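Below is a report on one protein model, written for a reader who wants the criteria next to the values.

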Amino acid sequence: MQTPQPFHIDIPQADLDELNARLARTRWPGELPGAGWSYGVAEGYLRELVHYWHTGYDWRRHEARLNSFPQFTTTIDGQNVHFLHVRSPEPDAVPLIVTHGWPSTVYEFLDVIGPLTDPRGHGAEGAPAFHLVIPSVPGFAFSGPTREPGWGVNRVARAWAELMRLLGYERYGAQGGDFGSLVAPELGRLAPRQVLGVHVNALVNASTPVGPDELEKLSPAERERAGQQQEWWRAHSGYATQMSTRPQTLAYALNDSPAGQLAWNLEWYVDWDPGRSEQAPVDRDVLLTDLTIFWLTSTTGSAARLYYESGDEGWGARPAPSGVPTGVAVFPGDKALRGLAELSHRVVRWSQPPRGGHFASVQAPDLLVEDIRGFFGGLARAQAPTSGA
């Protein structure tokens, strides 16, 4: 490990000019008349986004916003790791490590940093406060491409345990969504004495049974939903099949075409839109900032490798519960079933926020903050000493 070094983003203008030149030269494939989204991303919608990316999107504004938060890099297990580290002004704040999923970056957490670290300053005096550690998953964004095989869920969790130790945190919480919903509980399994609780949203490995024996453990209503969700997954899992079997083949195309990279990532955002509106359910600047970060760091291919490297550690596995208390937030559009979640987690809180979606930190940051506070605040109350004869 290496002592963390301050990190500042300063993309050369030549790199931005090169991106804009490629966007201007996008070679469009055409589409069938009236096909809409039935064959994949609709060309008309993608053209609008590419045009905005080329003519209206301002990277420097978002770069400055990222640089307004303390960032660092270190080396763990031979891999560069980039992270935000924002300490709370509250003396009793809980250290919390937060993990993003695919195709996300740490940018998606910026709206929750202030309310979680400084509740008093955001109109929530008395609410739980947190020291936040928000790393870029190895292979993603400013952590840079991975340089060797093996960076799956388990290895990322081990790196997070080392990172928290390096920062001097002996007891801490873990939070994550999407792939982060696999990493955070795995951290609890690896370091149960250090992890006081795990909170997840967008829990991705609790929507369909791994085998028929699991189906029998569900209620009739959950069995019906599991069947529906298996059908949905069969129709939407092409991206995961490619990335978990042949990520290198895909990487050549994505790393060479910003419009192609946008289409590939955009499809996942749209597929998880609870409103089924056939457009991205997040602000286009958030979507394009994620995309621009992947493009500028040449990490879209190595990010895709996470699916291959994780193998059975991903949604195909059913690890044993760690015993660490776990809270699960199921936002609209997500598909976690409590009967399946309880096979792998000690679930002490199950919530269903009324709005938001799979990308809750940008779709409903206020409700995600509220749920994280509610979970860890409940743990603190449960562990508080009681008085009496």
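Strands β4 (residues 94-99) and β5 (residues 130-135) run parallel and are joined by 4 bridges. Val94 stands opposite Phe130 in β5. Two strands count as paired if DSSP finds at least two bridges between them. Strands (E, at least two residues) and helices (H or I, at least four) are DSSP runs, numbered from the N terminus.

This is a predicted model, where local features need pLDDT of at least 70, side-chain atom pairs count only at pLDDT 80 or more, and totals for chains, interfaces and linings use all residues. Residues are numbered from 1 along each chain as its sequence is written, and side-chain values use heavy atoms, with hydrogens and water left out.

**The sheet**

The open sheet has 9 strands, in the order β1-β2-β3-β5-β4-β6-β7-β8-β9, with mixed pairing. Its edge strands, β1 (5-6) and β9 (346-351), each pair on one side only.

| Strand pair | Sense | Bridges | Facing residues |
|---|---|---|---|
| β4 and β5 | parallel | 4 bridges | Val94 and Phe130 |

β2 and β3 form a hairpin with 2 residues between them. In the turn, Asp77 has a positive phi of about 55 degrees.

Thr73 lies in strand β2 (residues 71-76). Is Thr73 buried or exposed? Thr73 is buried, with a relative accessible area of 12%. Buried means under 20% relative accessible area, exposed over 50%, and partly exposed in between (1.4 Å probe, protein chains only). Leaving out residues up to four places away in sequence, Thr73 touches Gln2, Thr3, Pro4, Gln5, Phe7, Asn80, Val81, His82 and Phe83. Contact means heavy atoms within 4.5 Å.

Gly101 sits in the loop between β4 and α4 (110-117). Gly101 counts as buried because its relative accessibility is 5%. With residues up to four places away in sequence not counted, Gly101 touches Phe140, Gly177, Asp178, Phe179 and Gly180. Gly101 and Phe359 are 258 residues apart in sequence, yet 9.2 Å apart in space, C-alpha to C-alpha.

**Helix α2**

Helix α2 (residues 43-55) has 13 residues, so at 1.5 Å a residue the helix should span 18 Å. The end C-alpha atoms are 18 Å apart, which agrees. The expected span is 1.5 Å times one less than the number of residues. Which residues of α2 are buried? They are Glu43, Tyr45, Leu46, Leu49, Val50, Tyr52 and Trp53. An α-helix has 3.6 residues a turn, so residues three or four places apart point the same way. The cover over the buried residues of α2 includes α1 (13-24), α11 (258-271) and α12 (284-297).

**Cavities**

How many cavities of 30 Å³ or more does a search of the whole structure find? The search finds 4. A cavity is a set of points, on a 1 Å grid over the protein atoms alone, where a 1.4 Å probe fits but cannot get out. The largest cavity has a volume of about 140 Å³. Its lining has 16 residues, of which Glu108, Phe109, Gly177, Asn201 and Ser361 lie nearest the centre. Lining residues have an atom within 4 Å of a point. β6 (172-177) and α15 (360-363) each supply at least two residues of this lining. β6 gives the most, with 3 residues.

How values were computed
1 Å grid on protein atoms, 1.4 Å probe; cavity = no way out; pocket = protein on both sides within 12 Å on 5 of 7 lines; lining within 4 Å. Points joined across faces, edges and corners; volume = space filled by probe spheres on them.
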